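I went through them pair by pair and jotted down where the partners sit.

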Amino acid sequence: MGKLFCIGEVLIDFIPCEKGVPLKDVLSFERTPGGAPANVAATAAKFGQKSLMISKLGNDAFGDFLVEKLVQSGVNTDYILRTDEANTALAFVSLKNNGDRDFSFYRNPSADLLLEADELDENIFNKGDYLHFCSVDLVEFPMKYAHQKAIEIVKSKQGIISFDPNVRLPLWDDAQDCRETILEFIPLSHIVKISDDELEFITGITDEKEALRSLFQGDVKVIVYTQGAKGALVLTRDSEFDNRGFKVNVVDTTGAGDAFIGAFLSILLKNEVSKSNLKTFVEEHAHELLTFANACGALTTMKKGGISALPTLQEIEAFLLDKKGHSSRPCVPF
């Protein structure tokens, strides 16, 4: 069975203890482990898959905390390096009343950006492994080139590449650089997960259907389009499937999209889906994939933080059984 490698940032999210307050007025925060790739790795581990994190952290207390929390979550941290050259990244968050967020990042640069391509050992990857990444660490630092090398290695071993742009414009000097870099990496991916608030920015196309179809470039086989509480779509070059979302009492949306794609990838890994049957499997199991992923994302929003808010498989099953219209079909082929 393949393993899931996630590469990129591991950081601490400082979540405010109060909602509806601008960041400048927040009086106290709760620290939680985060970073989009780390959230995805933890989600896969939560559902019994082998997941490994590739990154670099500072030799500081925050780095120690993150390694400890990832290990507790079941994520292999053997490939997280440590450095004295920079500190571990931090993100301070303010929560709006609807659970949406504003961010202030502390990394100038942070340790994760300093991971060098030649620090990657290609022998850690095997046939059928998956690699998931986002755009936050694709700024012009060594880590960008570590991503490129990891992608090349996994593709050489017939693995699957998953990309969630996860746009965070405050981390880029120029919005156009962000867009162009994302467009550079999309064709290298087999699965692209994109949200409704990113689609027009990335594609430059206002028509939703046209914009989604424009993403089928290069190696792209599957597009996963998330729309928050409205649900999600999954598209292949020939087909399109939709699935409504779930209404829940939202506390914090941090990590919800990561939980969604982590759940989605977990099903693929569990069923040993390869590049050769990825399109067929997704088309045959679109309902189960989207239902399970939507439920995982929704439940994550009901608690604060990303990794710390992840639901168990049992919690998802109970949640789906409680939702009218989802009790007559299995939630997921685990």
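Which residue forms a salt bridge with Lys193? I looked it up in this predicted model, and the partner is Asp164, with the closest N and O atoms 3.6 Å apart. Lys193 belongs to strand E10 (residues 191-195) and Asp164 to strand E9 (residues 160-164), so this pair ties together parts that are 29 residues apart in sequence. I then checked accessibility. Lys193 has 5% relative accessibility and counts as buried because the cut-off is under 20%. Asp164 is buried as well, at a relative accessible area of 1%.

Next entry: the total. I noted 13 salt bridges in the structure.

One of them links Lys3 and Asp129, whose closest N and O atoms are 3.2 Å apart. I placed Lys3 in the segment before strand E1 (4-7) and Asp129 in the loop between strand E7 (101-106) and strand E8 (130-134), so the pair ties together parts that are 126 residues apart in sequence. Buried or exposed, I wondered, for Lys3 and Asp129? Both are buried.

Then I turned to a helix. Glu283 forms a salt bridge with Lys279, and I wrote down 2.9 Å between the closest N and O atoms. Why about one helical turn between Glu283 and Lys279? Because they are four residues apart in helix H8 (residues 278-284). Lys279 is partly exposed, with a relative accessible area of 26%.

Conventions: Residues are numbered from 1 along each chain as its sequence is written. This is a predicted model: local features need pLDDT of at least 70, side-chain atom pairs count only at pLDDT 80 or more; totals for chains, interfaces and linings use all residues. Side-chain values use heavy atoms; hydrogens and water are left out. A salt bridge is a side-chain nitrogen of Lys or Arg within 4 Å of a carboxyl oxygen of Asp or Glu. Helices (H or I, at least four residues) and strands (E, at least two) are DSSP runs, numbered from the N terminus. Buried means under 20% relative accessible area, exposed over 50%, partly exposed in between (1.4 Å probe, protein chains only).
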